[in-house]
Amino acid sequence: MTLLTTVFAAIICTVIWYRNAPQSQMNVGILCWMYWGASLMWLIDAIFEYAEIHEEYFSPAPADMLNDFYLGLSVVALGLVIWIVTLLIKDPKGVVKAALFQRKR
C-alpha cells in the first residue's frame with residue numbers, strides 16, 4: 001500500500017507539473033522528485049520483501065495493509081510539508097516578503 005500511495009501521489013503531482021511546466025512558479029517539480037524517489041524506495045523494498053517471503057507477499061493481513069496505507073499517507077504528508085516550507089523560503093511570487101514588510105498605518 002505504501003508503494004501504491006506514493007505512486008499515485010507521484011503521478012498526480014507529475015500531471016500537475018506537466019500542465020504548468022513552462023511557467024512553473026510553484027516549484028511542483030521538487031514535489032515530483034520527492035514522490036518518485038519515495039516510490040522507487042518502496043519498489044526496492046517490495047522486491048526485497050517478495051524475495052524474502054515469496055507468495056505470502058500478495059496476501060497481507062488487513063491490519064498490515066491499513067498500517068502500510070497510513071505510512072504511505074504519512075510519507076505523502078511529509079512531502080507536502082517539505083514542499084510548502086521550500087515554497088515559503090523561496091517565495092516565488094513575493095507574497096511572504098510583502099506580508100513581512102507591509103507597513104501598518
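Keep in mind that the model is predicted.

Cysteines first. A disulfide is a covalent bond between the sulfur atoms of two cysteines. How many disulfides are there here? The count is zero. Look at C13: the nearest cysteine sulfur belongs to C32, and it is 3.2 Å away.

Next, the serine. S39 sits in helix α2, which covers residues 28-53. Its relative accessibility is 4%, so S39 is buried. What does its side chain reach? The backbone oxygen of T6, at 3.3 Å. Setting aside neighbours within four places in sequence, S39 touches L3, T6, V7 and A10.

Now stay with α2 and bring in its partner. Two packed helices are described by the angle between their axes and the distance between the axes. Helix α3 spans residues 62-90. It packs with α2 at about 155°, and the axes are 9 Å apart. Angles over 145 degrees count as roughly antiparallel, so α2 is roughly antiparallel to α3. Who makes the contact? From α2, the residues include M34, Y35 and W42. From α3, they include G79, W83 and K90. And the crossing of α2 and α3 is right-handed.

Note on methods: Residues numbered from 1 in each chain as written. Predicted model: local features only at pLDDT ≥ 70, side-chain atom pairs only at ≥ 80, totals over all residues. Heavy atoms only, no water. Disulfide = S-S within 2.5 Å. Helix = DSSP H or I, 4+ residues; strand = E, 2+ residues; numbered from the N terminus. Buried < 20%, exposed > 50% of the residue type's maximum accessible area, 1.4 Å probe, protein only. Polar contact = N/O pair within 3.5 Å; in protein donor to acceptor, adjacent residues only side chain to side chain. Contact = heavy atoms within 4.5 Å. Axes fitted to C-alpha atoms, helices over the stretch in contact; angles between N-to-C directions. Parallel < 35°, antiparallel > 145°, perpendicular 65-115°, else oblique. Left-handed = near helix turned anticlockwise from the far one by under 90°.
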